[in-house]
Amino acid sequence: MKSEADIELCLAETINFSTDELLKLDNQLCFALYVSSKEVIRKYKPLLDPLGLTYTGYITLMALWEQDNITIKDLGKRLYLDSGTLTPLLKKLETLGYIVRSRSLSDERNVYVKLTLEGHELKSKVAHIPQQLICSSNIDVKNALQLLPILQQFMKQIAD
């Protein structure tokens, strides 16, 4: 959370913009991020539909391929998702046979998510998807690679 002094400095930096400029859609970072996200997810859809996956299901599996057998709480933190979003998603992935959920024997409040054999095998079936997405769109790879660390830093800052 920013201090009062930081907020005052930020306000001073934006004072040179007129109300009309501040409220132009093309001047909104949030709008650019929203449209970019929506369009990337739209491009993933035909690649993921044959597997019964949504984009959110896909990134959930990616997180589990990085670290399997983790709590729902830790998975939610990794994906920036709350339990209200994550629970139905995990139920669907479990129905598809990609994961299993189990309560901790030592603390029943903790529920662990673990990939099944089918979930592990799916990794090789989707390995081509990131490259296919980039190569089938007009994304400049160099620009995307430069943008990635900036967006990762932004994610950390905005989530605080």
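**Close-up views of the predicted model**

Threonine 60 sits in helix H4. This is a predicted model, with residues numbered from 1 along each chain as its sequence is written. Local features need pLDDT of at least 70, side-chain atom pairs count only at pLDDT 80 or more, totals for chains, interfaces and linings use all residues, and side-chain values use heavy atoms, with hydrogens and water left out.

View 1. Helices (DSSP runs of H or I, at least four residues) and strands (E, at least two) are numbered from the N terminus. Is threonine 60 buried or exposed? Threonine 60 counts as buried, at 0% relative accessibility. Buried means under 20% relative accessible area, exposed over 50%, and partly exposed in between, with a 1.4 Å probe and protein chains only. Threonine 60 touches Leu75, Leu79, Leu86, Leu89, Leu90 and Leu93, leaving aside residues up to four places away in sequence. Contact here means heavy atoms within 4.5 Å.

**View 2. The nonpolar core.** The largest nonpolar core has 26 residues. Such a core is a set of buried Ala, Val, Leu, Ile, Met, Phe, Trp, Tyr and Cys residues joined through side-chain atoms within 4.5 Å. Leu61, Leu75, Leu90, Leu93 and Ile99 have the most contacts inside this core. Two or more residues each come from helix H3 (29-48), H4, H5, H6, S3, helix H7 (117-126) and helix H8 (129-135). H4 gives the most, with 5 residues. Leucine 61 touches Leu53, Leu93, Tyr98, Ile99, Leu115 and Leu122, again not counting residues up to four places away in sequence.

**View 3. The three-stranded sheet.** The 3 strands form an open sheet in the order S1-S3-S2, with antiparallel pairing. Two strands pair if DSSP finds at least two bridges between them. Strand S1 (70-71) and strand S2 (99-103) stand at the edges, each with a single partner strand, so one side of each has no neighbour in the sheet. S2 and strand S3 (residues 111-115) are joined by 5 bridges. Arginine 101 has valine 113 as its bridge partner in S3. Isoleucine 99 stands opposite leucine 115 in S3. S1 and S3 are joined by 2 bridges and also run antiparallel. Threonine 71 has tyrosine 112 as its bridge partner in S3.

**View 4. The two faces of S3.** Side chains alternate along S3. Val111, Val113 and Leu115 point to one face and are buried.

View 5. Helix H6 (residues 83-95) lies across S2 and S3, running at about 120° to S2. Axes are lines fitted to C-alpha atoms, for helices over the stretch in contact, and angles run from 0 to 180 degrees between N-to-C directions.

View 6. Which residues of helix H5 (residues 72-79) are buried? They are Ile72, Leu75, Gly76 and Leu79. Seen down the axis of H5, the buried residues fall within an arc of 100°, so they line one face of the helix. The arc is that of the directions from the helix axis to the C-beta atoms. The buried residues of H5 pack against H4, S1, H6, S2 and S3. Lys73 and Lys77 are exposed on the other side of H5.

**View 7. Two residues with positive phi.** Most residues other than glycine have a negative phi. Asparagine 69 has a positive phi of about 60° although it is not a glycine. Asparagine 69 lies in the loop between H4 and S1. Its relative accessible area is 39%, making asparagine 69 partly exposed. Tyrosine 80 belongs to the loop between H5 and H6. At 46% relative accessibility, tyrosine 80 is partly exposed.

View 8. Serine 137 is in the loop between H8 and helix H9 (141-159). Serine 137 is buried, with a relative accessible area of 12%. A polar atom of the serine 137 side chain lies 2.8 Å from the backbone oxygen of leucine 133. The C-alpha atoms of serine 137 and leucine 115 are separated by 31 Å, with the two residues 22 apart along the chain.

Notes: A polar contact is a pair of N or O atoms within 3.5 Å; within protein, one must be able to donate a hydrogen and the other to accept it, and residues adjacent in sequence count only if both atoms are side-chain atoms.
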